[in-house]
Amino acid sequence: MSLIIGLGVILIFVILYQILKVGRLVGVAKGKDYNKIGTSNRVNAALFIVFMVASLGSFFWYSFVFFSDYTLPVASIHGKETDGLFWITMAVTVVAFSIISIIMFIFIYKYQYDENRKAKYFADNHYLELAWTIIPAIVLSVLIFTGLRAWNKITAEASKDAEVIEMIGQQFAWTARYPGKDKALGKTNFQLIDNNGNEFGLDLSDKGSFDDFKSLELHLPVGREVLLRIRAKDVLHSVYLPHFRVKMDAVPGMPTQFKFTPTLTTQEMRDKLGNPNFNYELACAEICGKGHFSMKMPVVVDDEETYAKWKASQEAWLKQNPDYMKYVPDNLKEAAKVIAGIVEEKETTPAQTTQATVAEAGTK
Amino acid sequence: MATTDIHIQHDVHHHDDHAHDEHHHGNFWTTYIFSQDHKIIAKQFLITGIFWALIGGCLSVIFRLQLGFPDMNLEWLKPILGGWITPEGKLDPEFYLALVTMHGTIMVFFVLTAGLSGTFSNFLIPLQVGARDMASGFLNMLSYWFFFLSSVIMLISFFLETGPAAGGWTVYPPLSALPQAIKGSGTGMTMWLVAMALFIVSSLLGGINYITTVINLRTKGMSFTRLPLTIWAFFFTAIIGVLSFPVLFAAALLLIFDRSFGTSFYLSDIYIGGEALPHVGGSPILFQHLFWFLGHPEVYIVLLPALGISSEIIATNSRKPIFGYKAMIGSMLFIAILSFIVWAHHMFVTGMNPFLGSIFMLLTLIIAVPSAVKIFNYVTTLWKGNLRFTPAMLFSIGLVSFFLTGGITGIFLGNSAIDIQLHDTYFVVAHFHLVMGSASFFGMLAGVYHWFPKMFGRMMNDKLGYVHFWLTFVGVYLVFFPMHYIGIAGFPRRYYSWTNFETFSGFADLNTLVSVAAIITLAAQFIFLFNFFHSIFRGRLAPANPWNSTTLEWTTPRNPGHGNWPGEIPSVYRWPYDYSKPGAKDDFIPQTIPYSETPESNLPHENELIKLEGEDNKGIIIGGEHDSHH
C-alpha cells in the first residue's frame with residue numbers, strides 16, 4: 001500500500017519535472033517574453049469571480065437549507081438571550097462580510113492588468129479613512145453593550161432559593177452531589193478523598209454532609225434557577241451543557257459556579273423535536289486526557305413534581321456507605337443516622353423531634 | 001527626525017569600511033552552516049520552517065483521518081506510528097491528543113514564528129533599510145542555532161515511548177504537570193519545555209537584532225516614514241516578541257519547578273492516581289494568565305509580518321501606492337499595543353472574575369477597528385489598480401480574504417456572552433485557523449514567491465504557482481469553513497471521536513469533506529515543494545528587479561554577496577510606493593531616484609525637496625515627513 005503511494009508520488013514528480021523541462025524548451029524556442037502579461041492573468045481574474053459566486057452561493061445555500069441541522073435547540077432562559085445576540089452579530093457580520101468580499105473580488109476582476117491603462121495614483125483620503133474607522137467603531141459599540149448587559153446578568157449572584165447542585169469532574173467522569181433535605185452541601189476536603197467510597201472527600205464532622213446524595217445522572221427542575229457549584233479533583237475539566245448554553249471550567253483548588261434556568265423538560269423537548277429518543281447531555285469541554293471525548297453525563301430535566309419525587313427516592317451517601325459512620329463525631333452519630341435515613345424515624349416520634357435532634361447536634 | 005537620521009550615517013559609513021569581497025572566501029562551514037550573513041540565516045530559517053510545516057501538516061492529516069473516517073483501518077500507518085496504532089487498527093486516543101498538541105506547537109511557533117519572522121525579518125530588514133547586514137551577525141547566527149537545537153529536542157520527543165507532549169498546545173497545568181494524568185506529560189513534556197525555553201532564547205536574540213537594525217542601520221535618507229510596510233511590520237513584531245516571550249519563559253520556568261522540584265505555583269487540591277498530592281495554594285489560572293500574556297500577542301507576532309508582506313506585494317502588483325500608508329502603520333501600532341491587553345478573552349469561562357471578563361471583552365472588540373481599517377485599505381489599494389496576478393499576488397489576495405473571513409468571527413468570540421457557548425468548540429478552531437493560521441501561512445508563501453528571485457537568483461515557475469494557489473485557497477476554505485457549522489452545532493474541539501454523544505452525532509458528512517480537503521491541500525503543497533527546490537537549481541535566471549518594484553533590495557545584484565551592495569550603499573530619496581505616479585515615464589520610481597531626476601512627476605512639495613537633496617553630500621538628510629500623504 002505505502003509502496004504504491006510512494007511510487008505514485010515519485011511518478012508525479014517525474015512528470016512535473018518533464019512538463020517543466022518541455023515548457024522551458026518550448027519557451028526558449030519561441031523566444032518567449034516573460035515580462036509580457038497575458039492569458040494567465042485573465043484566467044486568474046476570472047477564476048476569482050467563479051470562486052466568489054461558487055463560495056458565497058454554497059455558503060448561503062448550506063446555511064439556509066441545513067439550518068436545523070447545525071443549530072442546537074435551546075432550553076434555558078439566558079441561552080435564548082445569547083442565541084439572540086449570536087444571530088444579531090451574525091446578521092451584521094454576514095452583511096459586512098458579503099459586501100466587502102463582493103467588492104474585493106469585483107475590483108480584482110475589473111482592474112486586472114491592461115497595458116493601455118495606468119493605475120490611479122491614490123495614496124490617501126482622510127475622509128474615507130475616518131469613515132471606515134468610525135462606522136465599525138459604532139457598530140461594535142452597540143454589539144459590545146448588548147453583550148455586556150447579557151454577560152452581567154448571566155454572571156450576577158444567584159438568587160437565594162436557587163437549586164444548588166455540585167458538579168465534580170475527574171478523569172473521566174462527572175459526578176453530581178445534591179445537598180439533600182437540608183439544602184446545604186456538606187464541607188469537603190481533597191485530603192479526605194479515598195478509593196473506597198469517599199470520592200467527594202466529604203468531611204463527616206460537618207452535619208451538612210449527612211444527607212448529601214450522589215448521582216451519576218444530572219436531574220434538573222424545570223423553570224427554577226439552578227446554581228451549579230463546580231470543582232475538579234485532578235486536572236482541568238469544563239462543564240458543558242450544549243442545550244442550556246452553559247460552559248464553565250472545573251478547576252482543582254478553585255471552585256467555580258454557573259447559574260441558569262432550564263425552560264423545557266426532557267419530555268417537552270422530545271415532543272418539540274418529534275424525537276422520542278432525545279436526551280440532554282453534559283460534556284467536558286477542556287482537554288483532560290485520554291478519555292476527554294467520552295466524559296459524558298446524562299441530563300434529565302423534570303417537572304417540579306417528578307423532580308421532587310426523584311430527589312426523595314435518592315439514598316443519602318452516608319446510608320450507602322455506612323462504614324463511614326466511624327468518622328462522624330460521637331455526639332452527632334444519632335442525628336447522622338436519622339438524617340441520612342439509616343434509621344427510620346420512629347412512628348411515635350414526630351418530625352419535630354428529629355429537627356430538635358438536628359438543632360441540638362448543630363449547637364454542639 | 002533629522003537628528004536621528006544624521007546618526008545613522010556613521011553606522012552606514014562604518015559598515016562601508018568592510019570590503020564586501022573579503023567575505024566570499026569563507027569555507028563551506030562558515031558560508032553555509034555557521035554563516036553570519038543574514039541572507040543565509042534567512043534561508044536556514046526558511047528551510048527549517050518548511051521542514052516543520054511538512055511535519056505539522058502530516059500530523060494534521062493523521063488526526064483528520066481519525067475524525068473524517070472514524071471506521072478506517074489505520075493498520076497501514078503502523079510502520080511509521082508503531083505502537084500508537086492499537087491492535088484493532090485504530091489511532092490511540094492519547095496519541096490523538098499528542099498529535100493535536102504537536103500540530104499546534106509546531107505550526108504556531110516553529111513554522112509561523114520562526115519560519116515566517118525568522119525568514120523574512122532576516123532577509124528583508126538589511127536589504128530594505130539599506131544595511132550591509134544585521135546589527136550583530138553573530139547573535140543572528142546564534143538565534144538560528146538555538147532554534148535548531150530547540151527543533152532537534154522537539155523532534156526527538158516524538159520518538160519517546162511515552163510520546164510527545166499531549167496536553168494541548170497551551171499546555172495548561174495540572175494536565176501538563178502530572179505524568180499520572182497523561183503519558184505525554186512525562187519526558188515528552190519536559191522536552192517540550194526545554195525546547196520552548198531554547199526557542200524563546202532564539203526568538204529574543206532575533207528580535208533584539210531586528211529592532212536594533214531597523215533603528216540604527218538605515219541608509220542615508222531612509223527615514224522611518226520612508227520604510228516599506230514590511231519593515232514596519234517586522235519592527236512591531238520584534239517589539240511584541242521581546243516584550244511577551246519572556247513572560248512565556250517565566251510561565252515555563254514555574255511549570256518546570258512544579259513538575260520537577262515540588263513547588264505549587266499552579267497546583268492545588270489534587271487527588272489523582274489514588275492519592276492526594278501535597279500541593280496546596282497554587283492556581284492553574286495563574287498559568288493561563290501568564291501563557292496568554294504571550295499567547296495573544298503571539299497571534300500578532302504570527303500575523304503582522306504576513307500583513308506587512310502582503311501590503312508590499314499588493315502595492316507592487318496593483319502598480320499603485322498602498323492606500324493609507326500612515327493609517328496602515330497606525331493600525332499596526334494600535335494592534336500591537338492592544339494585543340497586550342486582551343489576553344484574558346481566552347479565559348471568559350475559566351472561572352475568572354466576571355468583571356474582568358467585561359473589561360477584556362471591551363478591549364478585545366476594539367481591536368476589530370484597526371483590523372477593519374487594514375482590510376478597507378487593502379481593498380482600496382486594489383481599486384483602479386492595474387493588477388498583475390503573480391503567484392505572490394494571488395497568495396496576498398488569499399490572505400486578505402482569510403483575514404476577513406476569520407477576523408469577522410472574532411466579533412462573536414470576543415463577546416463574552418456569546419463565547420460561553422462557542423468557547424472550545426470547532427467555531428474557535430475555524431476562527432483562528434483562518435485568521436491567524438491560514439492568513440499567516442499565505443503571507444509566508446506570498447513572501448517566498450515574491451522574494452525567491454532575490455534569495456536564489458532564479459524565478460519560480462508561475463504556472464505551478466497558480467495551480468498551487470488555487471488548490472490551496474479552495475482547499476483551506478473547504479477545510480475550515482464547514483467547521484463554523486460544526487462549531488455552531490456545539491461540537492467541542494480536541495475530541496477523538498463523537499460516538500459517545502447523541503448531541504454530537506451528526507456531521508459525519510462534513511467531517512469527511514473536511515478531511516478530504518485537508519488531504520488535497522497537503523498534497524498541493526508538494527507542488528510548491530517541487531517548484532521551490534527545482535527552481536533553486538533549474539529556475540529561469542532572474543532579472544535584478546523582476547517585479548518592477550521600488551524598494552532597495554531590487555537594486556542589489558542578482559545574487560547579492562555578503563555586504564549586499566558591491567559599492568556604496570545607495571541613498572534613499574522617496575517613499576517606497578511611487579507606483580504609477582502621474583507624469584512619470586515608468587509605472588514605478590525606485591526609492592533611490594532623487595526628485596531632481598523626476599521633475600515631470602514631482603508633486604509641488606516634492607519639488608521643494610530637490611534643493612535639499614543636493615545637500616545630502618554634506619550630511620543632512622530630510623525625513624520624508626510630507627511625501628506620503630496628500
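Predicted model: local features only at pLDDT ≥ 70, side-chain atom pairs only at ≥ 80, totals over all residues.

Visitor: How do you know that domain 1 of chain A touches domain 2 of chain A, and how many residues take part?

Guide: Two residues are in contact if their C-beta atoms, placed from the backbone, lie within 7 Å. By that criterion, the contact takes 9 residues from domain 1 of chain A and 12 residues from domain 2 of chain A. The domain 1 side comprises 5 nonpolar, 4 polar and no charged residues.

Visitor: Why are α16(B) and α17(B) called roughly antiparallel?

Guide: The axes of helix α16 (residues 426-456) of chain B and helix α17 (residues 462-488) of chain B cross at roughly 165° and come within 8 Å. Angles over 145 degrees count as roughly antiparallel, and therefore these two helices receive that description. Their crossing is left-handed.

Visitor: Which residues meet where α16(B) and α17(B) touch?

Guide: Among them are B:Y426, B:F427, B:L434 and B:Y449 in α16(B), and B:V476, B:F480, B:M483 and B:I488 in α17(B). By class, this contact has 12 nonpolar, 5 polar and no charged residues.

Visitor: What makes β4 and β7 of chain A edge strands?

Guide: The open sheet has 5 strands in the order β4-β10-β9-β6-β7 (chain A), with mixed pairing. β4 (218-221) and β7 each have a single partner strand, so one side of each is left without a neighbour in the sheet. On average, neighbouring strands are turned by 25° against each other, direction ignored. Helix α7 (residues 304-313) of chain A packs on this sheet, touching β4 and β10 of chain A.

Visitor: How do you know that β9(A) and β10(A) pair?

Guide: Pairing requires at least two bridges between the strands. β9(A) and strand β10 (residues 297-302) of chain A have 3 bridges, in the antiparallel sense, and therefore they count as a pair. A:M297 in β10(A) is the bridge partner of A:L282.

Visitor: How many residues are in contact between chain A and chain B, and which element of chain A gives the most?

Guide: 92 residues of chain A are in contact with 103 residues of chain B. On the chain A side, α5(A) gives the most, with 14 residues. By class, that side has 51 nonpolar, 25 polar and 16 charged residues.

Terms used: Residues numbered from 1 in each chain as written. Chains lettered and ligands numbered in written order. Nonpolar A, V, L, I, M, F, W, Y, C, P; charged D, E, K, R; others polar. Axes fitted to C-alpha atoms, helices over the stretch in contact; angles between N-to-C directions. Helix = DSSP H or I, 4+ residues; strand = E, 2+ residues; numbered from the N terminus. Parallel < 35°, antiparallel > 145°, perpendicular 65-115°, else oblique. Left-handed = near helix turned anticlockwise from the far one by under 90°.
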